[in-house]
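Here is a brief report on one structure. Keep the model open while reading.

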Amino acid sequence: MTEQLRLMAVHAHPDDESSKGAATMAKYVSEGVDVLVATCTGGERGSILNPKLQGDAYIEEHIHEVRAKEMAEARDILGVKQEWLGFVDSGLPEGDPLPPLPEGCFALQDVEEATGALVKLIREFKPHVITTYDENGGYPHPDHIMTHKISMLAFETAGDPARYPEAGEPWQPLKLYYNQGFNRQRTLALHEALLARGMESPYGEWLERWLTAGRERTLTTFVPCGDFFEIRDKALIAHATQIDPDGGWFRVPLDLQREVWPTEEYELAKSRVGTSLPEDDLFAGIRNN
């Protein structure tokens, strides 16, 4: 392939792009790949998770603008392009029974109609590869599950001139992946490496939960991107309302991460090209066609 390669990462909220596949995107940007993040919602109903910012009246009142500014900073750190699809955050319902989702939110949109916005962006950007979430959303946030639904339908319809004719000239992406960076294999390897060095591991409870979580996802693609872990962490810290820079997320030294597990992982869900598994490149089967 002689034209510039293009990657689209579809995410539910601002900050998801920095916690899922960020080092991969930074690596591909460094290689000249055109990378676009499609952010489905503005994160308007996201909680302020950084304890240092909780109770800040300005942030609470202007959370939409604050999160948009955080996204702009993270986007610049990663070197990617970014577009908003314009849907409203559904929030994460809590309680037993769960409360109803707020009227007009992303997760309550008609899937066919909501997909049109993503199809339009796909036809404009023309990605060869798309990354998104699996059918469980990575975790069962209603916006993550909805992101999965519209991503799958968009992949199947963006190349069909009979579907969404108002969205522009058809374009068929060639591969679609699920982000699987939070996987048991990686977590166990880092956990054991920390304990072997006499260090505290933040992953004990995670591994206990996995014992009752059912089947593990299939990891098909391991992208080497350890050299970009610092950029990943800087982008995540830019989402200051969503992450505590002194929290457990950053307790594993980067040198240890690079030594023990220097990749980010994906599950190949759809492909229109031939490829051999496992892969080390999201564009395997595309570069040489």
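The sections below cover a helix, a cavity, a histidine and the salt bridges.

## Model and helix H2

The model is predicted. Helix H2 spans residues 22-30, and seven of its nine residues are buried, so the rest of the structure largely encloses it. The buried residues are Ala22, Ala23, Thr24, Met25, Ala26, Lys27 and Tyr28. After H2 comes Gly32, with a positive phi near 95°.

## The cavity

How many cavities of 30 Å³ or more does the whole structure hold? The search finds one. The volume of the largest cavity is about 40 Å³. Its lining consists of Leu7, Ala9, His11, Lys20, Gly21, Thr24, Met25, Thr131, Asn179 and Tyr266. Strand E1 (6-11) and H2 are the elements that give two or more residues to this lining. E1 supplies the largest share, three residues.

By class, the lining of the largest cavity has four nonpolar residues, five polar and one charged. Two of the lining residues, Thr24 and Met25, are also among the buried residues of H2.

## His191 in helix H7

His191 sits in helix H7, residues 184-196. Is His191 buried or exposed? Its relative accessible area is 15%, under the 20% cut-off, so His191 is buried. Leaving out residues up to four places away in sequence, His191 touches Ser201, Tyr203, Gly204 and Leu207.

## Salt bridges

Side chains of opposite charge can pair when their charged atoms come close. The whole structure has 22 salt bridges. One of them joins Lys270 to Glu156, with the closest N and O atoms 3.4 Å apart. This pair links distant parts of the chain: Lys270 is in strand E7 (residues 263-271), Glu156 is in helix H6 (residues 142-157), and they are 114 residues apart. Lys270 is partly exposed at 31% relative accessibility. Glu156 is partly exposed at 36%.

Glu279 pairs with Lys175, the closest N and O atoms being 2.8 Å apart. Here too distant parts of the chain are linked: Glu279 lies in the segment after E7 and Lys175 in strand E5 (residues 175-179), 104 residues apart. Both Glu279 and Lys175 are buried. Glu259 forms a salt bridge with Arg197, with the closest N and O atoms 2.9 Å apart. Glu259 is in helix H10 (residues 254-260) and Arg197 is in the loop between H7 and helix H8 (204-210), so the pair ties together parts 62 residues apart in sequence. Glu259 is exposed, at 57% relative accessible area. Arg197 is partly exposed, at 42%. Salt bridges with shared partners also join Lys27, Glu31, Asp281 and Arg287 into one network.

How values were computed: Residues are numbered from 1 along each chain as its sequence is written. This is a predicted model: local features need pLDDT of at least 70, side-chain atom pairs count only at pLDDT 80 or more; totals for chains, interfaces and linings use all residues. Side-chain values use heavy atoms; hydrogens and water are left out. Buried means under 20% relative accessible area, exposed over 50%, partly exposed in between (1.4 Å probe, protein chains only). Helices (H or I, at least four residues) and strands (E, at least two) are DSSP runs, numbered from the N terminus. Contact means heavy atoms within 4.5 Å. On a 1 Å grid over the protein atoms alone, a cavity is a set of points where a 1.4 Å probe fits but cannot get out, and a pocket is an open set with protein on both sides within 12 Å along at least five of seven lines; lining residues have an atom within 4 Å of a point. Grid points are joined across faces, edges and corners, and a volume is the space filled by probe spheres set on the points. Ala, Val, Leu, Ile, Met, Phe, Trp, Tyr, Cys and Pro count as nonpolar, Asp, Glu, Lys and Arg as charged, and the others, Gly among them, as polar. A salt bridge is a side-chain nitrogen of Lys or Arg within 4 Å of a carboxyl oxygen of Asp or Glu.
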